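Please take a moment to look over the sequence and the model, and then follow the description below part by part.

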Amino acid sequence: GQAREFVRGVLGNGWPGLDDLLLMVSEIASNAVRHTASGGRNGCFDLTVSAAGRAVRIAIADGGSSSQPQIRDGGGPPDALTGGRGLLIVEALATRWGHTGDELGRVVWFEVEGQ
């Protein structure tokens, strides 16, 4: 919730496509807490918002993990209780997304252009 409110405060309530951006922020921030060292005791993550014109890039730097962010393969439906839809949502809504880093720290980012 704090990540969403931060982005809303930076971009403002009138930003085109704000609801989609906030949904993607929720998914990436949740993944950072759930799947990386950022979810551990005293864990944290950094959120960066960059906007130019009507394009925006949002990046979340987390504590790292031995596994890389990846979209679930078609091996079955996502489980409503354990997740599995986050990066599918980002893939569908973002112009592009990606990640850099490793088990010591990772940045997952997405960009949306011209809404």
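How much space lies in the second largest pocket? In this model, which is predicted rather than determined by experiment, the second largest pocket holds about 210 Å³ of space. Sorted by class, the lining residues are six nonpolar, four polar and one charged.

In general, two packed helices are described by the angle between their axes and the distance between the axes. Here, helix 1, which covers residues 2–11, and helix 2, which covers residues 18–35, have axes that come within 9 Å and cross at roughly 145°, and the crossing is right-handed. On the side of helix 1 the contact is made by Ala3, Arg4, Val7, Arg8 and Leu11, while helix 2 brings Leu18, Leu21, Leu22, Val25, Ser26 and Ala29. Counted by class, this contact between the helices has eight nonpolar, one polar and two charged residues.

From the helices we can turn to the strands. Strands of a sheet pair through backbone hydrogen bonds, either parallel or antiparallel. In this model four strands form an open sheet in the order 1-2-4-3, and their pairing is antiparallel. Strand 1 (46–52) and strand 3 (96–102) stand at the edges, and because each has a single partner strand, one side of each is left without a neighbour in the sheet. Neighbouring strands of the sheet are turned against each other by 15° on average, when direction is ignored. Helix 1 packs on this sheet, where it touches strand 1 and strand 2, and the direction of helix 1 makes about 25° with that of strand 1.

Within the sheet, strand 2, at residues 55–62, pairs with strand 4, at residues 105–112, in the antiparallel sense over seven bridges, and Arg57 stands opposite Glu111 of strand 4. Strand 3 and strand 4 also pair in the antiparallel sense over seven bridges, and these two strands form a hairpin with two residues between them. Which residue in strand 4 is the bridge partner of Arg96? The partner is Glu111, the residue that Arg57 also stands opposite.

How values were computed
Residues numbered from 1 in each chain as written. Predicted model: local features only at pLDDT ≥ 70, side-chain atom pairs only at ≥ 80, totals over all residues. Heavy atoms only, no water. Axes fitted to C-alpha atoms, helices over the stretch in contact; angles between N-to-C directions. Left-handed = near helix turned anticlockwise from the far one by under 90°. Contact = heavy atoms within 4.5 Å. Nonpolar A, V, L, I, M, F, W, Y, C, P; charged D, E, K, R; others polar. 1 Å grid on protein atoms, 1.4 Å probe; cavity = no way out; pocket = protein on both sides within 12 Å on 5 of 7 lines; lining within 4 Å. Points joined across faces, edges and corners; volume = space filled by probe spheres on them. Pairing = 2+ DSSP bridges.
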